[in-house]
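Here are a few friendly notes to read alongside the model. Take them one at a time, and keep the picture open as you go.

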Amino acid sequence: MYKENEKGCIEPVIKNSSLSELVMQKIQQSILHKEFQAGTLLPSEKDLSERYGVGKSSVREALKMLHALGVVNPVQGKGTYLRKTLQHQVLTPLLYELMLMESTAEDLYELRLMFDVAYMRIAAAKATEEDKALAKARFLEYKELYAANLPADIADKAYHKVMLDATRNQFIIKIGQLIMDLCSPYLEKSNDIRNKDALDSHEKLLEIFCSGDVSELEE
């Protein structure tokens, strides 16, 4: 749809929903450029309205959507705060989108293989003695459950999470968790199969992590 503006020119009619999405994008850019810092109070609806050149209703709708995504936290009488981290129970849009994509187990395997090989080089180089001790403990938990024919997928994730955390890189950790969430159904199935090769691979990965020697990582 189009309308005639005050200058007599024809321009497209922008729906309010489109404006609220535009505000979300603008806020995202402001976060990206560190104009809005994690954990701090966002500008008021009036200030955001003037900043982005839209009505307060569009700003209000955008903030509601960001709240639903767990990005912001409105506090009565104070305003809206930008969260430091997303709430654990929030399903991120990216994860939801990836889950809906048509993909195969092989697609996810290739993604995880590429990512695991890359981040393990960093993890092995940065691992502290505390990291190594925790990885050994998590592996033993996983091994005991595996040997007892009990569900081991949660222990499996905890084992890999130690190595992700050892990178000390929040981008790698978040993306790694996302990939593990995507692979969860296949992790459950693979742990049900009880293939000794899988257990041996986990143990070999632990040796690489603890020694820092990544020469055999590709294998």
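1. Start with helix α5 (residues 105–126) and helix α9 (residues 196–211), whose axes come within 7 Å and cross at roughly 50 degrees. That angle makes α5 oblique to α9, because angles under 35 degrees count as roughly parallel, over 145 as roughly antiparallel, 65 to 115 as roughly perpendicular and the rest as oblique. Which residues make the contact? On α5 they are M120, A123 and A124, and on α9 they are L205, I208 and F209; contact here means heavy atoms within 4.5 Å. By class, the contact has six nonpolar, no polar and no charged residues.

2. A word on the source: this is a predicted model, where local features need pLDDT of at least 70, side-chain atom pairs count only at pLDDT 80 or more, and totals for chains, interfaces and linings use all residues. Residues are numbered from 1 along each chain as its sequence is written, and side-chain values use heavy atoms, with hydrogens and water left out.

3. Next, find H160 in helix α7 (residues 153–165). Is H160 buried or exposed? H160 is buried, with a relative accessible area of 7% (buried means under 20%, exposed over 50%, partly exposed in between, using a 1.4 Å probe and protein chains only). Leaving out residues up to four places away in sequence, H160 touches R112, Y119, M180, H202 and L205.

4. Finally, look at E144 in helix α6 (residues 129–147). E144 is exposed, with a relative accessible area of 55%. Its C-alpha atom is separated by 9.9 Å from that of A155, eleven residues apart along the chain.

Terms used:
Helices (H or I, at least four residues) and strands (E, at least two) are DSSP runs, numbered from the N terminus. Axes are lines fitted to C-alpha atoms, for helices over the stretch in contact, and angles run from 0 to 180 degrees between N-to-C directions. Ala, Val, Leu, Ile, Met, Phe, Trp, Tyr, Cys and Pro count as nonpolar, Asp, Glu, Lys and Arg as charged, and the others, Gly among them, as polar.
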